[in-house]
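Work through the exercises below with the sequence and the 3D structure at hand. Each task is followed by a worked solution.

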Amino acid sequence: SGHTKKRYEASFLELFDTVSVIVGYTENKDVFTRYSQMAYDELEVYNQLFDIYNDYDGVNNIKTINDNAGVKPVKVDQKILDLLSFSGEMDKKTDGKVNIAFGDVLSLWHDHRTAGQSDPESATLPDYEELKARNLHINIDDMIIDEKASTVYLKDPEMSLDVGAIAKGYAVERTAVTLQKAGFANGSISVGGNVRTIGNKFDEKGKEIPWSVGIQNPDLSSEDKTLYILHLSGESLVTSGVYERYYTVDGKQYHHIIDPETLMPAEYFLSVSIICKDSGMADALSTAVFNMPYEEGSKLIEKL
């Protein structure tokens, strides 16, 4: 029934600090609008639950957990428990190269980056001794999850969770699965460079063909905006790059992916792209590999 489906697209700006785009091939516009609304609603829930900077009325989110570090366990939605257990698995798989308990270090970088972006003249780097002091508070074993009570407790009062390396891809994956269960068979969801395809798309003749997904050139001054075009059917592509979020101190750019070994922005790559089924895994792995020399990263990927 390929040729009876038309291409529709919707985009929104409010979620995960980035642009979200949903493309779908459906019988008509109303059907597509139902799916894109469903996607928005689902992503919005994850956006609130996984937020570490903002509070939402009546919502216990990751920020609530962090605010209660060393104070008390926080009762949370199953979606948070699922994310945390997935993140724990990824932490083990990557040998700690993507650790959601790294928040105390990341927040110091975040504060300096935000200040430096709004006032470039007086941009500063975090103090290295302070980074090292904070690095003593990143032990994932200090996160106590009580599945029966649906609570999360951070034992170390200085510890904080930062799910930035996983949250977008994870939310995209869960949303894609929800849409597929509801009958959405041919589409793609992209949230700020986390792309998850569902089935195939259709060409002019109504024949099924894979989705074309581009990998952005990390050299923004280049004429070539895209390095590669990949052809995906039901797979995810996630790219982590130095161009995503950075600031400049004394003429040098410092991006947001912090190497757990050096506590400084990782310097192995300009950009890393991961392709696999699961968008959450692709998101976690793109960060992990970004933080490793090429040989070590390729060994990790071959092992999976």
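A residue counts as buried under 20% relative accessible area, as exposed over 50%, and as partly exposed in between. The model is predicted.

**Exercise 1.** Classify Asp250 as buried or exposed, and describe its phi.

Solution. Start with the place: Asp250 lies in the loop between strand 13 (246-249) and strand 14 (252-255). Next, take its relative accessibility, which is 81%. The cut-off for exposed is over 50%, so Asp250 counts as exposed. Last, look at the backbone: Asp250 is not a glycine, yet it has a positive phi of about 50 degrees. Most residues other than glycine have a negative phi.

**Exercise 2.** Classify Asn200 and list what surrounds it.

Solution. Asn200 is found in the loop between strand 7 (194-198) and strand 8 (201-202). Its relative accessibility is 18%. The cut-off for buried is under 20%, so Asn200 counts as buried. Leaving out residues up to four places away in sequence, Asn200 touches Ala185, Asn186, Gly187, Glu208, Ile209, Pro210, Trp211 and Ser233. With Ser233 there is also a polar contact between the side chains, of 2.6 Å.

**Exercise 3.** Which residues does Gln117 touch, beyond those up to four places away in sequence?

Solution. Gln117 is in helix 4 (residues 103-118). With a relative accessible area of 43%, Gln117 is partly exposed. The residues it touches are Tyr246 and Tyr247. In sequence, Gln117 and Tyr246 are 129 residues apart, but their C-alpha atoms are 8.2 Å apart in space.

**Exercise 4.** Check the span of helix 1, then describe its N-terminal end and its buried residues.

Solution. Helix 1 (residues 29-49) has 21 residues. The expected span is 1.5 Å times one less than the number of residues, so helix 1 should span 30 Å. Its end C-alpha atoms are 30 Å apart, which agrees. The buried residues of helix 1 include Val31, Phe32, Ala39, Leu43 and Leu49. Among the elements that the buried residues pack against are strand 1 (6-12), strand 2 (20-26) and helix 3 (78-93).

**Exercise 5.** How do helix 1 and helix 6 cross, and which residues meet?

Solution. The axes of the two helices, helix 1 and helix 6, come within 9 Å and cross at roughly 145 degrees. Helix 1 passes helix 6 in a right-handed crossing. On the side of helix 1, the residues that meet helix 6 include Tyr35, Met38 and Tyr46. On the side of helix 6, Tyr170, Arg174 and Leu179 are among them.

**Exercise 6.** Determine how helix 6 is oriented relative to helix 7.

Solution. Helix 6 and helix 7 (residues 279-290) pack at an angle of about 165 degrees, with their axes 6 Å apart. Angles over 145 degrees count as roughly antiparallel, so helix 6 is roughly antiparallel to helix 7. Ser279, Gly280 and Asp283 of helix 7 make the contact with residues of helix 6 that include Ala167, Gly169 and Glu173. The crossing of helix 6 past helix 7 is right-handed.

Definitions and conventions:
Residues are numbered from 1 along each chain as its sequence is written. This is a predicted model: local features need pLDDT of at least 70, side-chain atom pairs count only at pLDDT 80 or more; totals for chains, interfaces and linings use all residues. Side-chain values use heavy atoms; hydrogens and water are left out. Helices (H or I, at least four residues) and strands (E, at least two) are DSSP runs, numbered from the N terminus. Buried means under 20% relative accessible area, exposed over 50%, partly exposed in between (1.4 Å probe, protein chains only). Contact means heavy atoms within 4.5 Å. A polar contact is a pair of N or O atoms within 3.5 Å; within protein, one must be able to donate a hydrogen and the other to accept it, and residues adjacent in sequence count only if both atoms are side-chain atoms. Axes are lines fitted to C-alpha atoms, for helices over the stretch in contact, and angles run from 0 to 180 degrees between N-to-C directions. Angles under 35 degrees count as roughly parallel, over 145 as roughly antiparallel, 65 to 115 as roughly perpendicular and the rest as oblique. A crossing is left-handed if the near helix is turned anticlockwise from the far one by less than a right angle, and right-handed if clockwise.
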